[in-house]
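The sequence and structure are shown first.

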Amino acid sequence: MDNIPAGDPRCSSQRQECKAMKNPTLPADLNLQVELPTIMPRSKTRPSVRHTAAQAAIEQDSEIPSLTEQELIERVNQLRKERHAVILAHNYQLPIIQDLADFVGDSLQLSQQAAQTDAPVIVFCGVHFMAETAAILCPDRTVLIPDPEAGCSLAATVTADEVRQWKANHPNGVVVAYVNTNADVKAEADYCCTSSNAVKVVQSIPEDKEILFLPDMFLGLYVQRMTGRKVHLWLGECHVHAGFRAEDIVNALQRYPDADLLLHPECGCVSQCMFALASGDLPADRTFVHSTGGMVRHVRESRTPIHLVATEVGMLHRLSKEAPQKEYIPVKADAICEYMKTITLPKLYRALRDMVYEVRVEEPIRSRARLAIDRMLEIV
Ligand code: 13P
Ligand code: SF4
């Protein structure tokens with residue numbers, strides 16, 4: 001076990017974007033135990049969505065560029081009936097996509113919906129690993145994603161080969177993979193988890209087992225702190241959430257001292273916030289670490305009129321619909337996931353019209369990944 005202090009150069013040499021580790025303000029006594037992978041991961045490049053093939057197909061389409069938004073909506077509504085399709089959308093999707101979806105939710109809720117639906121066609125408006133999860137759970141349905149290049153910078157930080165190497169170094173280790181991973185990585189995991197049940201999943205694992213948690217180090221640190229377990233961390237991060245700094249939280253609270261603070265556990269500042277909470281520097285009765293689904297539940301139930309939201313800004317539309325009488329302030333207004341925003345109305349229409357792009361996960365990866373996902377769904 002290596003303890004990497006804040007600012008340790010080993011961190012930046014392995015992960016170009018490991019910003020929090022370089023952050024000199026990270027408290028020294030955070031018990032930041034980080035197990036380095038034996039084989040140094042290749043340098044990861046973020047998937048690019050600048051001009052995807054699906055976007056090019058829309059631009060060259062003989063019908064779509066001439067349709068108005070209203071016409072696109074009407075066609076989507078017509079086709080979803082004809083195809084008996086269900087549209088699932090993540091909480092970060094564009095407002096128009098959220099408004100058209102049959103169900104909007106967080107990663108866990110979307111997996112549960114996919115597992116429950118008997119619709120023959122699932123159009124998944126989210127990022128690719130989420131559609132893959134639906135395909136793993138529903139091999140007999142047609143799962144479509146409107147743009148298959150909607151990736152995830154966090155999922156891109158770990159490969160199945162790297163997990164195999166990590167496991168080889170820890171024969172007693174239990175691998176807990178955040179759902180933001182590709183199917184072949186899930187196939188190497190013992191358990192999957194989402195941000196809403198990560199703590200419970202780790203708590204369910206016998207105390208004598210070592211936990212190998214991947215790929216999000218901030219969620220892993222949060223889990224370590226909440227469970228008191230020794231957790232080996234993969235040094236992965238989401239480029240959107242890693243950008244949240246303790247200063248952003250402090251500034252927001254200075255402007256809105258009476259607001260509730262809603263923090264996603266992937267945020268780069270979540271460990272510092274937990275520390276600040278423990279030391280009384282953040283208000284314990286108004287600071288909440290939640291998955292996106294947990295944030296929705298919170299605003300439904302809370303009596304506080306103003307909420308500071310520390311996650312991707314798509315969340316604000318969802319919260320405003322759930323509890324419109326309240327005010328929502330983004331802690332970082334430029335926290336935008338370009339992968340989530342790759343899914344647009346014209347692409348949703350084309351997905352239903354042309355039945356593209358089908359997402360399939362082949363055996364034996366599917367069955368092995370399914371085991372880890374089923375364990376996740378049992379622990380809610
Ligand atoms: P949730 O499961 O909380 O919706 O998070 C998914 C995600 O991708 C966060 O970036
Ligand atoms: Fe992935 Fe981050 Fe986008 Fe979530 S916000 S889908 S973790 S890149």
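The crossing of H4 and H16 is left-handed; a crossing is called left-handed if the near helix is turned anticlockwise from the far one by less than a right angle, and right-handed if clockwise. Helices (H or I, at least four residues) and strands (E, at least two) are DSSP runs, numbered from the N terminus. The model is predicted, and local features need pLDDT of at least 70, side-chain atom pairs count only at pLDDT 80 or more, and totals for chains, interfaces and linings use all residues. Residues are numbered from 1 along each chain as its sequence is written, while chains are lettered from A and ligands numbered from 1 in the order in which they are written.

**Helix packing**

The table lists the packed helix pairs; axes are lines fitted to C-alpha atoms, for helices over the stretch in contact, and angles run from 0 to 180 degrees between N-to-C directions.

| Helix pair | Axis separation | Crossing angle |
|---|---|---|
| H4 (residues 69–82) and H16 (residues 345–354) | 9 Å | about 30° |
| H11 (residues 217–227) and H13 (residues 270–278) | within 9 Å | roughly 30° |
| H14 (residues 292–301) and H15 (residues 314–322) | 9 Å | about 30° |

H4 and H16 are therefore roughly parallel to each other, a label for angles under 35 degrees, with those over 145 counted as roughly antiparallel, 65 to 115 as roughly perpendicular and the rest as oblique. On the H4 side the contact is made by Glu69, Leu72, Arg75, Val76, Leu79 and Arg80, and on the H16 side by Leu345, Pro346, Leu348, Tyr349, Leu352 and Arg353; two residues are in contact if their C-beta atoms, placed from the backbone, lie within 7 Å. By class, this contact has 8 nonpolar, no polar and 4 charged residues. In this classification Ala, Val, Leu, Ile, Met, Phe, Trp, Tyr, Cys and Pro are nonpolar, Asp, Glu, Lys and Arg are charged, and the others, Gly among them, are polar.

With its axis crossing that of H13 at roughly 30°, H11 is roughly parallel to H13. Phe218, Leu221, Tyr222 and Arg225 of H11 meet Val270, Ser271 and Met274 of H13, a set of 5 nonpolar, 1 polar and 1 charged residues.

The crossing of H14 and H15 is right-handed. Thr292, Met295, Val296, Val299 and Arg300 in H14 are in contact with Met315, Arg318, Leu319 and Glu322 in H15. These residues divide into 5 nonpolar, 1 polar and 3 charged.

**Ligand surroundings**

A residue is counted as near a ligand if its C-beta atom, placed from the backbone, lies within 6 Å of it. Ligand 1 is surrounded by Asn91, Asp106, Ser107, Asn180, Thr194, Ser195, Cys238, Glu266, Ser291 and Thr292. The shell around ligand 1 comprises 1 nonpolar, 7 polar and 2 charged residues. At least three residues of this shell come from each of domain 1 (1–238 + 337–380) and domain 2 (241–330), the bounds being taken from an automatic or database domain assignment.

Around ligand 2 lie Val127, Cys152, Ser153, Leu154, Asn180, Cys238, Val240, His241, Glu312, Cys337, Tyr339 and Met340. The shell of ligand 2 has 8 nonpolar, 3 polar and 1 charged residues.

**Backbone geometry**

Most residues other than glycine have a negative phi, and most peptide bonds are trans. The peptide bond from Leu214 to Pro215 is cis, with omega near -15°, and Pro215 lies in the loop between strand S9 (210–214) and H11. Glu363 and Pro364 are also joined by a cis peptide bond, with omega about 0°; Pro364 is in the loop between H16 and helix H17 (365–378). His84, in the loop between H4 and strand S3 (85–90), has a positive phi near 50°.
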